[in-house]
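Have the sequence and the model open side by side.

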Amino acid sequence: MLDKVFHLLTAEYSLVHAVTQEHFQAVKDIRNDVIVNHYPEVEEAKEYVFSQDDEQSFIYLLQHNATKRYVGSVRIFFANEQTPSKTIPMEKDLHIKDIEQLTQNLPICEISRFALVNDQIKHKDFSELQLRTLLSMSLMSATRINFFLYHYSKIFAIMERSLHRILKRQSVAFEPIGDAVDYYGVRFPFVIKKEDFLIAGEKTEGTMGQLTRYYLKELCKNPETFWQFIDNNPYLDRSDIQLDRICQNFKDYGDDVSMELLLGINELSIRS
């Protein structure tokens, strides 16, 4: 079953880092699909579909390879010493209170704009619910990959309980930090510390662990577009990014490189 899921999420679907105008239009279309099909009563959806926060973010798309159709997306909004905004969306937009002490140690990020289109392509081996669950897991793998590349001190997220359960089953245990909010449906604020995320990543050898290793290796084969994104972003510097170290680990140890080495746990000295 694990092999079948891995094949689904690497051969039949692919994660794509959004960097072109075509990608960004696909992101807008996916977010608009969510509004139209799930929250038609929302009158002002412009800020949800695309906003200034997207310029301070990594955005990933999920593409169905056979049709080239984009079927999902997720955003990782980051704040560091260079960004114009040091306030994450859950604070400024949703007014989540009493988390100031959690947001002081930069860089930090917030996972948001998690979206899957309503009309998914049917699959012969998976039910509609199973497929959406697995595609959700793939999108969340993109956030893990991003953390391997850029070591945030904390990761925040507003999510439904169902997504939290999916992550918990993959050893990624976000902690609740507030009450439910009504934001395009009932959602809850969560956080996970760098130490907990790293330890979870180190011991994860299931589907999310396999996906993380696979997509990092693929990025090492063709890193030019990613580096161009970093170079063109005024809030990021190559020295912030772990890609060269990760690629060297693949060269030195091959496909069997440990999650610990890919994570750079020794360099982070979290086991003092």
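This is a predicted model: local features need pLDDT of at least 70, side-chain atom pairs count only at pLDDT 80 or more; totals for chains, interfaces and linings use all residues.

Residues are numbered from 1 along each chain as its sequence is written, and side-chain values use heavy atoms, with hydrogens and water left out.

**Largest pocket**

- The largest pocket has a volume of about 720 Å³. A pocket here is an open set of points on a 1 Å grid over the protein atoms alone, where a 1.4 Å probe fits, with protein on both sides within 12 Å along at least five of seven lines. Points are joined across faces, edges and corners, and the volume is the space filled by probe spheres set on them.
- Its lining has 30 residues, with Phe114, Ala115, Glu160, Leu163 and Arg187 closest to the centre. A lining residue has an atom within 4 Å of a point.
- Two or more lining residues come from each of helix H2 (21–38), helix H4 (89–92), strand S4 (108–116), helix H5 (128–149), strand S5 (154–159) and helix H6 (161–169). Helices (H or I, at least four residues) and strands (E, at least two) are DSSP runs, numbered from the N terminus.
- S4 provides the largest share, seven residues.
- By type, the lining holds 19 nonpolar, five polar and six charged residues. Nonpolar covers Ala, Val, Leu, Ile, Met, Phe, Trp, Tyr, Cys and Pro; charged covers Asp, Glu, Lys and Arg; the others, Gly among them, are polar.

**Second largest pocket**

- The volume of the second largest pocket is about 460 Å³.
- It is lined by 18 residues; Leu15, Val16, His17, Leu219 and Asn222 lie nearest its centre.
- Strand S1 (13–17), H5, helix H8 (207–221) and helix H9 (224–232) each give at least two lining residues. H8 gives the most, with five.
- The lining splits into 11 nonpolar, six polar and one charged.

**Lys217**

- Lys217 sits in helix H8.
- Its relative accessibility is 29%, so Lys217 counts as partly exposed (buried is under 20%, exposed over 50%, partly exposed in between; 1.4 Å probe, protein chains only).
- Beyond neighbours within four places in sequence, Lys217 contacts Phe250 and Asp255 (contact: heavy atoms within 4.5 Å).
- Lys217 and Asp255 are 38 residues apart in sequence, with 8.4 Å from C-alpha to C-alpha.

**Asn249**

- Asn249 belongs to helix H10 (residues 243–253).
- Asn249 counts as buried because its relative accessibility is 10%.
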